[in-house]
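Please find below a colleague's note on the structure that accompanies it.

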Amino acid sequence: MKKGILTLMAMCLALSASAVDLPKQGFGIQIGWAQPILRLNDANTAYPKDSMVNTVRLKGFKIGLVYDASYIAGLGSSMGINYTFGAHTEKWHNVDPRQQAIYPRQRELFTYHEVELFVDWQYKFEVAKETYLMLYTGPTIQCGLGFNLRVDQQAIDNTTLDVETLHGVRKYSAYTTEDRPNDSLKRLNVTWGVGAGFQYKRYFLRGGYDFGLINPHRYGQFVNAAGETIDRNTRGRFDQWSIKIGMYLIYAD
């Protein structure tokens, strides 16, 4: 499946690049709001559902370069590169009752960085002179630069301590330790997006949703509080909402 997705992506890039000499081209910049979503699903029922099956919604922004080309009538494509940042801070909450004597409360802080290469097939409907509505769909390859989780734990005297995360799995590494022999988080992710937009002369607005197609998030074994080694088969994917505004710096018929 991964090979098929990458082959399709390469074909889209080749066809989009072949439109360089066609009329109605645009090259510009875009910036906007983004909400990366990490969805985890752990099949192991030995852990509480709220701790091992969860959804983390990050809030951030997206900025990038975009190239737009029309082929026949309103049919065309848009391709480019974006940088995306997201962050999320959980509210303070009670931890395992066995630890409350030392750390009665804790919170998690997530930060996420990635770059993405996208190709969207689009169709523009002209609703007035130089004014268009558009629909688009296409693949995106994402490369994670950093996805970190920091856990703050608050002691009885209300002193906040920065400590290493208890699970240590949301970092881009394939490290091996005594407690976590096979934890890993892959950098590569592939999504497929759908969306709609509006364009007036050089200015445009686009918004849509990207569905994760592969599982970049995997666990191996985990040692629980009782010292037991447990095999875990966690599946996860990255989805993303986004709304972008932009302007074509170069726009030619």
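1. Nonpolar core. Ten residues make up the largest nonpolar core of this predicted model: Leu38, Leu40, Val56, Leu58, Phe110, Tyr112, Phe147, Leu149, Val151 and Phe238. At least two residues of this core come from each of β1 (25-42), β6 (105-128) and β7 (131-154). The largest share belongs to β7, which provides three residues.

2. Cavities. How many cavities of 30 Å³ or more does a search of the whole structure find? The search returns two. The largest cavity holds about 150 Å³ of space. Its lining comprises 16 residues, and those closest to the centre are Asp120, Thr140, Asp210, Ser242 and Lys244.

3. Lining of the largest cavity. Which strands each supply at least two residues of this lining? They are β6, β7, β10 (188-200), β11 (203-212) and β15 (234-252). In terms of residue class, the lining of the largest cavity contains seven polar, five charged and four nonpolar residues.

4. Second largest pocket. The second largest pocket contains about 320 Å³ of space. It has 15 lining residues, and Lys24, Tyr132, Gln199, Tyr251 and Asp253 are the ones nearest its centre. Strands β3 (59-72), β6 and β15 each contribute at least two residues to the lining of this pocket. By class, the lining of the second largest pocket has eight charged, four nonpolar and three polar residues.

5. Aromatic pairs. There are nine aromatic pairs in the structure. For Tyr248 and Tyr251, the ring centres are 5.2 Å apart and the planes are at 20°, so this pair is stacked; planes under 30 degrees apart meet that criterion. Are the two partners buried or partly exposed? Tyr248 has a relative accessible area of 0% and is therefore buried, whereas Tyr251, at 28% relative accessibility, counts as partly exposed. Tyr251 is also one of the residues nearest the centre of the second largest pocket. Elsewhere, a single aromatic cluster is formed by Phe61, Tyr83 and Phe85.

6. Charges over rings. The charged end of Lys124 sits over the ring of Tyr132, at 5.9 Å from the ring centre. Tyr132 is among the residues that lie nearest the centre of the second largest pocket. The charged end of Arg206 sits over the ring of Tyr136, and here the distance to the ring centre is 5.3 Å.

7. Most residues other than glycine have a negative phi. Where is Glu130 found? Glu130 is in the loop between β6 and β7, and its phi is near 60°, a positive value. With a relative accessible area of 36%, Glu130 is partly exposed. Lys201 is located in the loop between β10 and β11 and has a positive phi near 55°. The relative accessibility of Lys201 is 36%, so Lys201 counts as partly exposed.

8. Strand β1. Ala34 and Ile37 both belong to strand β1. Ala34 has 0% relative accessibility and therefore counts as buried; Ile37 is buried, with a relative accessible area of 0%. The cut-off for this class is under 20% relative accessible area. In sequence, Ala34 and Gly207 are 173 residues apart, and their C-alpha atoms are 9.7 Å apart in space. Ile37 and Gly86 are separated by 49 residues in sequence and by 9.4 Å in space, C-alpha to C-alpha.

9. Trp121. Which strand contains Trp121? Trp121 is part of strand β6. Its relative accessible area is 25%, so Trp121 is partly exposed; this class lies between the 20% limit for buried residues and the 50% limit for exposed ones.

Methods: Residues are numbered from 1 along each chain as its sequence is written. This is a predicted model: local features need pLDDT of at least 70, side-chain atom pairs count only at pLDDT 80 or more; totals for chains, interfaces and linings use all residues. Side-chain values use heavy atoms; hydrogens and water are left out. A nonpolar core is a set of buried Ala, Val, Leu, Ile, Met, Phe, Trp, Tyr and Cys residues joined through side-chain atoms within 4.5 Å. Buried means under 20% relative accessible area, exposed over 50%, partly exposed in between (1.4 Å probe, protein chains only). Helices (H or I, at least four residues) and strands (E, at least two) are DSSP runs, numbered from the N terminus. On a 1 Å grid over the protein atoms alone, a cavity is a set of points where a 1.4 Å probe fits but cannot get out, and a pocket is an open set with protein on both sides within 12 Å along at least five of seven lines; lining residues have an atom within 4 Å of a point. Grid points are joined across faces, edges and corners, and a volume is the space filled by probe spheres set on the points. Ala, Val, Leu, Ile, Met, Phe, Trp, Tyr, Cys and Pro count as nonpolar, Asp, Glu, Lys and Arg as charged, and the others, Gly among them, as polar. Rings of Phe, Tyr and Trp (its six-membered ring) pair if their centres lie within 6.5 Å; planes under 30 degrees apart count as stacked, over 60 as edge-to-face and the rest as tilted. A charge sits over a ring if NZ of Lys or CZ of Arg is within 6 Å of the ring centre and within 35 degrees of the ring normal.
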